[in-house]
Amino acid sequence: MITFIIRRILVMIPQLLLLSIIIFLLAKAMPGDAITGAFQGNPDADANHLEEIKEKMGLNDPWYQQYGRWLGNFVQGDMGMSYVHKQKVSSLLAGRLGNTLLLSIATMITIYLISIPLGIIAGRWHNSWADKLVVTYNYVALATPVFVFALIMLFIFGFSLGWFPITGSVDIRAENGSWEYYISKAKHLVLPTLSGAIIGTVGTIQYLRNDIIDTKLKDFVKTARAKGVPEGRVYTRHILRNSILPIAAFLGYEITLLITGSVFIESIYSYPGLGKLFIESISTRDFTVVSALVMISGAAVIVGTMLSDIILSIVDPRIRID
Amino acid sequence: MGNTVLEIENLRTSFSIGEKYYPAVDDVSLKVHENEVLAIVGESGCGKSALALSIIGLHEQRTTRLEGQVNFKGQNLLKLSRKRLNKIRGKEMGMIFQDPMTALNPLAAIGAQIEEPMKYHLKLSAADMKKRTLELLRRVGIKNENRIYSQYPHELSGGMRQRVVIAIALACDPVLLLADEPTTALDVTIQAQIMDLMKELQAQMKTGIILITHDLGVVAEMADKVAVMYAGQIVELAEVNELFNHPMHPYTRSLLNSIPSNMPNKDKLHVIQGIVPTLQKLERTGCRFAPRIPWIPASEHEENPIIHEVKPNHFVRCTCYKNFHFEEGELGEDDHVLT
C-alpha cells in the first residue's frame, strides 16, 4: 500500500513539470504582457522607457531562460511580484488560498451530506414517490445556473431576511483569532457554501442512485440475502460498498472542480478567494499571478486524481497494486 | 428414507408484468427428504429457478405473488416475515448459485464472505469462525485454505469460486440445499470436478438437496428422484431409475429422445417442435404441452390436466401419455437403461 502511494507521488513529479511548461508557454502566448497591462492607455508612458523596463525585468530573454528562472523561484515559494498589486504573489495568494480551500471543502462536505442520503433513498426505493422527488430536485438543480441561484440565495437569505452576511469572508471588526472571528467566518461561509452545494449535488446523487439500482440486481446481493443477512445490512455491507466506488473515484475531481470553479460564487459574494483573483488578474494581465493560479489549479487536479486513486485502492481490492 | 425436510403444496409464483400477474410456477407440489437429492429438470424458462427462488424467498416482493404452501420445519415459509425468514436462510437452508463469477461480492475477502452467515446464525467467537471457515474450505477441496481465506474473488478461478460459493451454502450446516444449475457456467472439466464434490459432500451429510439442472447426465448421476417441469408445472415425478427406464409423459420422452446418442438406428437428432411459450402467451387451460405435439388428437388430453399416480411413486400429469407416439417418420426411441 505504502509503496503504491509513494509510486503514485513520484509519478506526479513529471506531470507537474510538464504542466508548468505548458502553463508558462500559454501565459507567454497571451497577447500583451505585464507592462502593457500596467501602462495601458497611459499617455505619459514612453515607448523607449517601457522597453527599458522590460529589459530590466528579463521579459525579453528567451522563454526557456524565463521559464528556468520562474520555476527555480517557484519551487522556493517565490512566485514573483504581482505587477498590478505591487505585492508578492505568495502573500497575495496566502489568505485567499485558505479562503477558497475552506469554501470548497465546506461545499464538498455539504454536497455529500445532501446527496449521499438522497442517492441512497432514491436508489433503494426507486420509482417510489421519494425517488421521483429526488430526481425532480436533481433536474431542477442541473438546470439552474449557479450565478442565478447564488443571486436568489443572496437576495432571500442575505438581503431580505438578513440572516447571513453577504460580502467578504469575515467581519473586519472581529479580532483575528478571537471567538467572534471564527463565528463570523462561519457565518460568512454559509451562503456561498449553500449556493454551491444545493445545486452541486446532481452528479453524486445520480451516480449513486443509478449504481444502487444496478447493484441491487447483482447476484452477490442474492447470495447475501440467501445467507440470511438482514435487509439493512445487505444495503450497507454489500450494495453501498460497491456503489460508493464511482463516487470515491470522482472525489478527487470534485475537489479540483470546486477549487477552480468557485469563480461565480466568489464574485457574487465578494468572497476573497482564488476565483475572484483569477478573473481580475486575467483582465489586468497580471502574468505572474495568472501563472501561479493556473499552476495551483493544475496541481490540484493532479493531486485530486492521486487522491482518487489512493481512495479507490483502499476500497477496491481489484485495483490494489502490490 | 429419512424425515421430510421440505414439503411444497400447490405453490404458485406469479410475476406482475404490466398490470397483470402471470404465474411462472403453477400448481407445484413436492417433497424432499433428508439425505435425498431431488433433481428438477426442464428447458430454460420452464420455471425451475423461479421455483428455487420462491422456496428461499428471493423474489422481488413488490412484483411477485406467492400462493400455496412451502412447509419447512413446521412453518409455512411463504407466510413468514422477512425477519423470521432471515433466521432460516443461510442457516437451515443454503443456496448455490449458477454463476460463481458474479455470486461473490468483489469487495470482500473470501474468508469474510464465508463467515458472514455464521456471524448472523451461530454464536461463535472470531477465532472459532475462522477455524470453521478454514475447515469448510478444506472440505470443498481447497488445499491452500490459509491463503485463499484472505484473497479476493477476482484472484480465484471459476471452479475455485464455485467451491467458495458451496462453502458459503454449507457454512451453517443446512438441512436443505438448493443448487440452481451449479455447473452451468463452468467449463466441462470443472463441471465434473464440482459434481464429484457435490456427490462427495452429499454422501457425508444428511442434507436434502434440490438440484436444478437441464443436464440429464447430471441427473442420472446424482439424483434420487426427478421432477420434470414444463411451462411452470411438474409433468412427471418419479424415482430416477424409474424415470429413465420408463418415461411416460410425452415431454419427458421427448427430452430423453433429444439426447445425442451413438445408437446405430439414429442419425438424426430429435428436436421438440416449437418453443416454450412466454409467460404472457402461455395458454393456461388444457395440457400445456399439447401445442408441441400437434399430431396427438385433442381427445387424448385432459381438459384440466391433473397429476395421476400411475404407478406407486410415479406421477404423470395429463392423460396424453397413454397413447403417445412420436411423429410419423421419426425413428425409434432409445432405451435409457439406468441401473
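Modeller: Two strands pair if DSSP finds at least two bridges between them. The strands themselves (E, at least two residues) and the helices (H or I, at least four) are DSSP runs, numbered from the N terminus. Mind that this is a predicted model, where local features need pLDDT of at least 70 and side-chain atom pairs count only at 80 or more, while totals for chains, interfaces and linings use all residues. Residues are numbered from 1 along each chain as its sequence is written, with chains lettered from A and ligands numbered from 1 in the order in which they are written.

Colleague: Fine, let's start with chain B. In S9(B), which residue is the bridge partner of B:Leu38?

Modeller: Strand S3 (residues 37-41) of chain B runs parallel to S9(B), and 4 bridges hold the pair. B:Leu38 has its bridge partner in S9(B), and that residue is B:Lys225.

Colleague: How many residues of strand S9 of chain B are buried?

Modeller: Buried means 20 or more other C-beta atoms within 10 Å of a residue's own; exposed means 12 or fewer, partly exposed is in between, and C-beta atoms are placed from the backbone. One face of S9(B) has B:Lys225, B:Ala227 and B:Met229, the other B:Val226, B:Val228 and B:Tyr230, and all of these are buried. The strand, residues 225-230, is largely enclosed by the rest of the structure because the buried count is 6 of the 6.

Colleague: Which residue takes a positive phi in the hairpin of S9(B) and S10(B)?

Modeller: S9(B) and strand S10 (residues 233-239) of chain B run antiparallel, joined by 6 bridges. One of the bridges has B:Tyr230 partnered with B:Gln233 in S10(B). The hairpin has 2 residues between the strands, and the one with phi near 45° is B:Ala231.

Colleague: And the open sheet of 4 strands in chain B: which are the edge strands?

Modeller: The order is S2-S1-S4-S5, with antiparallel pairing. Strand S4 (residues 64-72) of chain B pairs with S5(B) over 2 bridges. Pairing on one side only are strand S2 (20-33) and strand S5 (75-76) of chain B.

Colleague: Is B:Asn10 buried or exposed?

Modeller: B:Asn10 is in strand S1 of chain B, and its phi is positive, near 45°, although the residue is not a glycine. Most residues other than glycine have a negative phi. With 11 C-beta neighbours inside 10 Å, B:Asn10 counts as exposed.

Colleague: Over to chain A. What fraction of its 322 residues counts as buried?

Modeller: Chain A comes to 15 helices and 2 strands. Its C-alpha atoms fill a box of roughly 85 × 55 × 40 Å along the principal axes. Of the 322 residues, the buried share is 33%.

Colleague: H1(A) and H15(A): roughly parallel or roughly antiparallel?

Modeller: Helix H1 (residues 2-29) of chain A packs on H15(A) with the axes 9 Å apart, at about 155°. Axes are lines fitted to C-alpha atoms, for helices over the stretch in contact, and angles run from 0 to 180 degrees between N-to-C directions. Under 35 degrees is roughly parallel, over 145 roughly antiparallel, 65 to 115 roughly perpendicular and the rest oblique. H1(A) and H15(A) are therefore roughly antiparallel.

Colleague: How many nonpolar residues are there in the contact of H1(A) with H15(A)?

Modeller: Contact means C-beta atoms, placed from the backbone, within 7 Å. Among the residues of H1(A) that meet H15(A) are A:Phe4, A:Ile5 and A:Met12, and H15(A) brings A:Phe287 and A:Val290, among others. Ala, Val, Leu, Ile, Met, Phe, Trp, Tyr, Cys and Pro count as nonpolar, Asp, Glu, Lys and Arg as charged, and the others, Gly among them, as polar. By class there are 5 polar and 2 charged residues, and the nonpolar count is 17.

Colleague: Is A:Ser270 buried or partly exposed?

Modeller: A:Ser270 sits in the loop between H13 and H14 of chain A, with a positive phi of about 45° although it is not a glycine. It has 13 C-beta neighbours inside 10 Å, so A:Ser270 counts as partly exposed.

Colleague: Last one: which helix gives the largest share of the side of chain A that touches chain B?

Modeller: 18 residues of chain A are in contact with 24 of chain B. Helix H10 (219-226) and helix H11 (231-243) of chain A each supply at least two residues of that side. The largest share, 6 residues, comes from H10(A).

Methods:
Two residues are in contact if their C-beta atoms, placed from the backbone, lie within 7 Å.
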